[in-house]
Amino acid sequence: MKIIKNILLLAILLIVLTSCKDDDPRPDYYYRFKVNGVQKEFRANKDSGIVFLDAPNSINKIIFFTMVTGADPEKNAIVISLRSTEEAESGIEYKMQEPLTVNNTIVPRISIVYFDENGKTFGATLLQSLNPGARDDARLKFTQITTEGSYGEFQAIAFDMSATGDLGSRQELLITDGEFFMPNFVSLL
């Protein structure tokens with residue numbers, strides 16, 4: 001009887017161990033960067049990704065990056081919007097202060113919003129040419145675009161989104177040495 005119990009226990013253990021095996025292995029998607037020189041490193045959760053939006057009747061293409069970790073999408077997260085008139089390519093550095101016209105409105109090529117570990121929001125969202133005193137800036141480059149996901153680099157000069165007053169007197173937050181590997185999603189509007 002004891003032998004049968006041990007065999008059943010072993011069989012149950014094997015079933016449990018083999019059922020825990022992930023049928024659809026997911027690569028280790030990540031994003032990392034420095035905030036004012038302090039390294040931040042995160043494993044991307046399943047809500048993270050890059051969405052390539054392509055409207056058939058528009059020359060503008062929009063790419064949204066959602067880099068989140070954990071359960072709260074407004075902590076330790078970065079959201080990036082990249083606008084272009086061409087398909088995204090690796091090796092090209094996209095610059096925030098090279099504006100585009102969208103629906104007769106001049107907009108920055110890149111906008112970055114960063115949520116720190118406390119949920120405080122910082123952004124690089126203003127065009128310097130349209131906002132005297134603004135020092136917002138951002139750059140982004142895809143280093144490799146694959147079917148599994150995209151690799152790239154980014155940096156930004158961001159500011160407290162709740163700050164008021166003179167744009168030139170805002171305290172800057174430097175996001176440097178940014179790197180990512182995120183899954184790709186394509187959407188035709």
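Author: A residue counts as buried under 20% relative accessible area, as exposed over 50%, and as partly exposed in between. The model discussed here is predicted.

Reader: Which residue forms a salt bridge with D177, and how many residues apart in sequence are the parts that the pair ties together?

Author: The partner of D177 is K34, and the closest N and O atoms are 3.5 Å apart. D177 belongs to strand β13 and K34 to strand β1, so the pair ties together parts at a sequence separation of 143 residues. K34 is partly exposed, at 28% relative accessibility. The names and value asked for are K34 and 143 residues.

Reader: What is the distance between the closest N and O atoms of R32 and E179, and which strands hold these residues?

Author: R32 and E179 form a salt bridge with their closest N and O atoms 3.2 Å apart. This pair ties together parts that are 147 residues apart in sequence, because R32 lies in strand β1 and E179 in strand β13 (residues 172–182). R32 is partly exposed at 23%, and E179 is partly exposed at 33%. The distance is 3.2 Å, and the strands are β1 and β13.

Reader: Where do D28 and R43 lie, and are they buried or exposed?

Author: The side chains of D28 and R43 form a salt bridge, with N and O at 2.9 Å. D28 sits in the loop between α1 (2–19) and β1 (30–35), while R43 is in strand β2 (residues 38–43), so the pair links parts 15 residues apart in sequence. D28 has a relative accessible area of 52% and R43 a relative accessibility of 53%. With the cut-off at over 50%, D28 is exposed and R43 is exposed.

Reader: Why does D137 have no salt bridge?

Author: A salt bridge needs a side-chain nitrogen of Lys or Arg within 4 Å of a carboxyl oxygen of Asp or Glu. D137, in strand β11 (residues 137–145), is buried. Residues that D137 touches include M96, A124 and I157. The nearest side chain of opposite charge is that of R139, at a distance of 4.4 Å.

Reader: How many residues of strand β9 are buried, and which of them point one way and which the other?

Author: Strand β9 (residues 110–115) is mostly covered, with six of its six residues buried. In a regular strand the side chains alternate between the two faces of the sheet. In β9, one way is taken by I110, I112 and Y114, and the other by S111, V113 and F115.

Reader: Which residue takes a positive phi in the hairpin of β9 and β10?

Author: This hairpin has five residues between its strands. The phi in question is near 90°, and the residue that takes it is G119.

Note on methods
Residues numbered from 1 in each chain as written. Predicted model: local features only at pLDDT ≥ 70, side-chain atom pairs only at ≥ 80, totals over all residues. Heavy atoms only, no water. Helix = DSSP H or I, 4+ residues; strand = E, 2+ residues; numbered from the N terminus. Buried < 20%, exposed > 50% of the residue type's maximum accessible area, 1.4 Å probe, protein only. Lys, Arg positive; Asp, Glu negative; His and termini not counted. Contact = heavy atoms within 4.5 Å. Pairing = 2+ DSSP bridges. Lists of a residue's contacts leave out its neighbours within four places in sequence.
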